[in-house]
Amino acid sequence: MGKPTGFMEYKRLNKSEYKVLDRIKNFNDFHIPFDLKTQREQASRCMNCGVPFCQSAMKVNNRNVGCPLSNLIPEWNHLIYLGLYEEAYKRLEAKAPFPEFTGNVCPALCEACCSCSINDNAVGIRANELFLIEEAYKNGWIKPNKNIKRNGKKVAVIGSGPSGLSCAKKLNDNGFSVTVYEKSDRFGGLLMYGIPNMKLEKEIIERRINLLIEEGIVFIKNTKIGTDLSVDKLKESYDDIVFACGTQAARPLICNGADADGILYAVDFLKETTRNLLDENDFKYNLKDKNVIIVGGGDTANDCCGTAARENAKSVTELEITKEPPLENTLPWPNYPNKKKTDYGVFECNTIYGKDIRRYETTIDEVIKDDNNHIIGVNIKKVRFEQGKIVDIPNTKEYLDCDYLIIAMGFLGTSDSDAKSYNMKINRNRIILNEFNYDDNIYVCGDMKNGQSLVVVALKDGIDCANKIIEKNR
Ligand SMILES: Cc1cc2nc3c(=O)[nH]c(=O)nc-3n(C[C@H](O)[C@H](O)[C@H](O)COP(=O)(O)OP(=O)(O)OC[C@H]3O[C@@H](n4cnc5c(N)ncnc54)[C@H](O)[C@@H]3O)c2cc1C
Ligand code: SF4
Ligand code: SF4
């Protein structure tokens with residue numbers, strides 16, 4: 001038992017952030033780490049609960065409650081409080097494959113159901129996790145595992161996002177010879193080319209990939225399976241194939257004018273921006289002094305807002321088709337809260353433009369273009385949901401100037417053409433599977449199997465998929 005009264009003595013602190021007008025000048029992480037004393041005090045707030053909901057990996061009303069990886073949270077919180085950081089890290093790595101990813105981008109499902117949050121603020125679990133993994137790198141506690149006894153089996157993993165990486169690592173640790181194929185020019189999936197640099201700095205991904213290479217995993221980039229290399233060819237060389245290709249097909253904008261130039265899909269826009277940043281090139285999609293409208297109200301749209309702010313857009317408007325969420329949480333503990341939140345990107349835009357940039361129950365009616373087929377504006381309209389259908393509200397049309405329209409309306413799954421190139425059958429953009437199996441030697445995991453989700457869910461799915469292959473080979 002650590003400090004039994006920590007949660008009463010110390011208030012939860014969130015990390016300080018650089019001021020909006022300073023941080024939007026670059027794409028760097030804008031959080032300021034705690035000093036050691038504060039970090040230990042924050043860890044001491046953990047009550048080391050008899051039934052720790054934080055690590056429970058439950059589903060309540062079909063939604064994730066508690067850490068899907070069942071991270072040993074109370075144990076490492078306690079060890080941080082004692083100042084035993086290396087021991088704490090060892091308990092962290094027992095369950096968490098890549099805490100530097102989740103420590104930066106996880107929505108902290110664990111904190112939502114922390115017992116402390118019933119009548120006060122949750123323990124800052126995610127900040128503790130990030131602190132530990134960064135200490136581990138800094139102090140050389142992470143050593144590549146080079147003494148792996150190989151079992152003679154070969155597996156190809158298609159896709160280097162979180163599910164592909166966690167699957168590859170688990171298999172490699174268990175003696176399989178693993179090759180990861182990636183169609184992009186950098187590894188990491190949406191960690192690299194979706195989530196912007198200020199939320200997850202890209203050296204962090206490269207640092208981990210280098211470790212995995214040292215441990216024996218082979219990484220091949222710029223190779224799209226299904227076109228550059230056929231699945232039949234792969235089958236000749238590997239015992240098993242794992243598809244971890246994510247949800248590649250974005251939900252399209254369907255309205256008059258939807259073919260205009262200047263309409264960008266969110267992941268294409270975010271990917272190109274990160275690539276330009278890393279390659280030190282000018283931004284291909286330069287939003288400086290442009291009127292930008294973002295369709296969608298989720299995390300992806302928020303990342304587009306933060307990116308538009310850093311590119312000095314003239315105006316940013318976010319259109320959200322659903323109702324404005326309640327200001328007070330409507331779901332009881334231990335559910336993940338249901339209330340309006342203002343994430344970093346929207347917060348930055350609200351600060352810069354001096355108003356809430358979000359418009360709820362609003363969508364695009366029509367895209368207006370010039371003679372060169374470039375977007376110049378949009379007509380928007382108010383809508384509401386009636387019996388599961390979207391209904392227009394009459395006389396609510398309004399014109400807005402728009403130079404760039406960014407579509408962040410979610411993802412459908414695997415496209416018909418991709419599925420065809422993998423020789424796989426799909427139903428409504430989902431591969432038809434028996435749990436992880438397409439057939440005896442072909443597996444699917446991560447967002448490609450589950451639909452769009454979270455990094456932590458993809459990591460767990462990759463591990464579970466690897467365990468199926470390990471079991472089969474026992
Ligand atoms: C903009 C954005 C921001 C997000 N922010 C967060 C966040 O803050 N926190 C969070 O928890 N989740 C976030 N998510 C969700 C999270 O990123 C995904 O759930 C997660 O990355 C899914 O992992 P995955 O490995 O299944 O797929 P992906 O990360 O999509 O990786 C799939 C990989 O497969 C490759 N690939 C596809 N087809 C082929 C092929 N035929 N051959 C070779 N390679 C191929 C792709 O290039 C890609 O690299 C975000 C998603 C987006 C779009
Ligand atoms: S991975 Fe996410 S849910 Fe799990 S302990 Fe870390 S922050 Fe919490
Ligand atoms: S639920 Fe909260 S207080 Fe309880 S063990 Fe987990 S982190 Fe600690």
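1. By class, the shell around ligand 3 holds 12 nonpolar, 3 polar and no charged residues, where Ala, Val, Leu, Ile, Met, Phe, Trp, Tyr, Cys and Pro count as nonpolar, Asp, Glu, Lys and Arg as charged, and the others, Gly among them, as polar. Of the 15 residues around ligand 3, those that come nearest are C46, C49, C54, P74 and C114, a residue being near a molecule or strand if its C-beta atom, placed from the backbone, lies within 6 Å of it. Helix α4 (residues 73-82) supplies the largest share of this shell, 3 residues; helices (H or I, at least four residues) and strands (E, at least two) are DSSP runs, numbered from the N terminus.

2. On the basis of the note: this is a predicted model, in which local features need pLDDT of at least 70 and side-chain atom pairs count only at pLDDT 80 or more, whereas totals for chains, interfaces and linings use all residues. Residues are numbered from 1 along each chain as its sequence is written, while chains are lettered from A and ligands numbered from 1 in the order in which they are written.

3. Ligand 1 is surrounded by 40 residues, and the closest are G159, G161, G189, G246 and G446. Two or more residues of this shell come from each of the elements α9 (162-173), α13 (266-278), α14 (299-310), α17 (447-450) and α18 (455-472). By class, the shell around ligand 1 comprises 18 nonpolar, 15 polar and 7 charged residues.

4. The domain assignment gives domain 1 (6-138), domain 2 (154-247 + 412-472) and domain 3 (252-409), with bounds that come from an automatic or database domain assignment. The C-alpha centres of domain 1 and domain 2 are 27 Å apart, and 16 residues of domain 1 are in contact (C-beta atoms, placed from the backbone, within 7 Å) with 21 residues of domain 2. On the side of domain 1 that touches domain 2, helix α6 (residues 99-105) gives the largest share, 5 residues, and the residues of that side divide into 10 nonpolar, 4 polar and 2 charged.

5. An open sheet of 5 strands runs in the order β10-β18-β11-β12-β13 with parallel pairing, two strands being paired if DSSP finds at least two bridges between them. At its edges stand β10 (263-265) and β13 (358-359), each with a single partner strand, so one side of each is left without a neighbour in the sheet. Strand β12 (residues 315-319) pairs with β13 in the parallel sense over 2 bridges, and L319 stands opposite R359 in β13.

6. Helix α13 lies across β10 and β18 (404-407), running at about 80° to β10; axes are lines fitted to C-alpha atoms, for helices over the stretch in contact, and angles run from 0 to 180 degrees between N-to-C directions.

Note on methods:
Contact = placed C-beta atoms within 7 Å.
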